[in-house]
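Let's take a look at this protein together.

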Amino acid sequence: MEREDIIEEILRLKEERNAVIMAHNYQLPEVQDVADFLGDSLELARKAVNVDADVIVFAGVDFMAETAKILNPEKKVLLPTRRATCAMANMLTVEHILEAKKKYPEAPVVLYVNSSAEAKAYADVTVTSANAVKVVQNLDSDVVIFGPDKNLGHYVAKMTGKRIVVVPPNGHCYVHAKFTLEDVERARGLHPKAKLMVHPECEPQVQEKADIIVSTGGMIRKACEHDEWVVFTEREMVYRLQRLYPNKKFYPAREDATCIGMKAITLRHVYESLRDMKYEITVREEIAERARRAIERMLEMS
């Protein structure tokens, strides 16, 4: 089947199923192009609450589809392929959280949305890279258990002055961990007029050399402030930014900054997901109910 035929079938099936397609900023361009909603984790979580559809096809990784299901228990949520998973989210276990709670029983548990539904069930509140600082700042505690990203934890600690206990200690995103000081120096040399926008999942030494440290949603909001940018996050963010700001210049900091989980989804997977109504996301009700409280508290606080 040709690409144009696949797109035509996706549009037909969307109408037939009363479905919407939500896609993360890191998705392949061909998937971004057929999405009804594009965004970062926070934007998509907000959209999921108000979406008027019976079916949500979530072109992202599994924890995002779980979040959509938790917020929309009456809707059918589909993940186009089971290979779309997040290595960082998989680093955090419930045992990590319980061990930390033994040491810091009074500390609230703040979990990055990049975590499993089971882990979220033990959280007091979830956060995204866009709102983590604001949420932690507003908590009535100087010590916070935070997981699973150590680099976002470092950024939150720096911005709030609070003690951030990261679980697990070495939780990280392998894509953002690729960026080095050499990449910063190369970017400055190759694009002297450009400013550097850096995701807070990058290593602290890279964050320190940034012009701005922002989530992908923040990158979209801030891009209007300068004509040239080097983008220190997953490569496909450049495609999204270039579409939004065709008169500005965006450069990926590394061409190999690609998320295998995100790139597992193709246009054909989206089509087959709608055609066969696969793969349906389910979350046990007792887990979903507890996780929902943490996610809804985040939405209220941000």
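A disulfide here means a pair of cysteine sulfur atoms within 2.5 Å. Search the whole structure and you find zero of them.

Are these residues buried or exposed? Cysteine 86 is buried, at 12% relative accessible area, and cysteine 259 also counts as buried, at 14%. (Buried is under 20% relative accessible area, exposed is over 50%, and partly exposed is in between, using a 1.4 Å probe and protein chains only.)

Now for the strands (DSSP runs of E, at least two residues, numbered from the N terminus). Four of them make an open, parallel sheet in the order β6-β5-β7-β8. At the edges are β6 (125–127) and β8 (163–166), each pairing on one side only. Two strands pair if DSSP finds at least two bridges between them.

Strand β5 (residues 109–112) runs parallel to β6, and three bridges join them. Within β5 and β6, valine 110 stands opposite valine 125.

## About the model

This is a predicted model, where local features need pLDDT of at least 70, side-chain atom pairs count only at pLDDT 80 or more, and totals for chains, interfaces and linings use all residues. Residues are numbered from 1 along each chain as its sequence is written, and side-chain values use heavy atoms, leaving out hydrogens and water.

How values were computed
Helix = DSSP H or I, 4+ residues; strand = E, 2+ residues; numbered from the N terminus.
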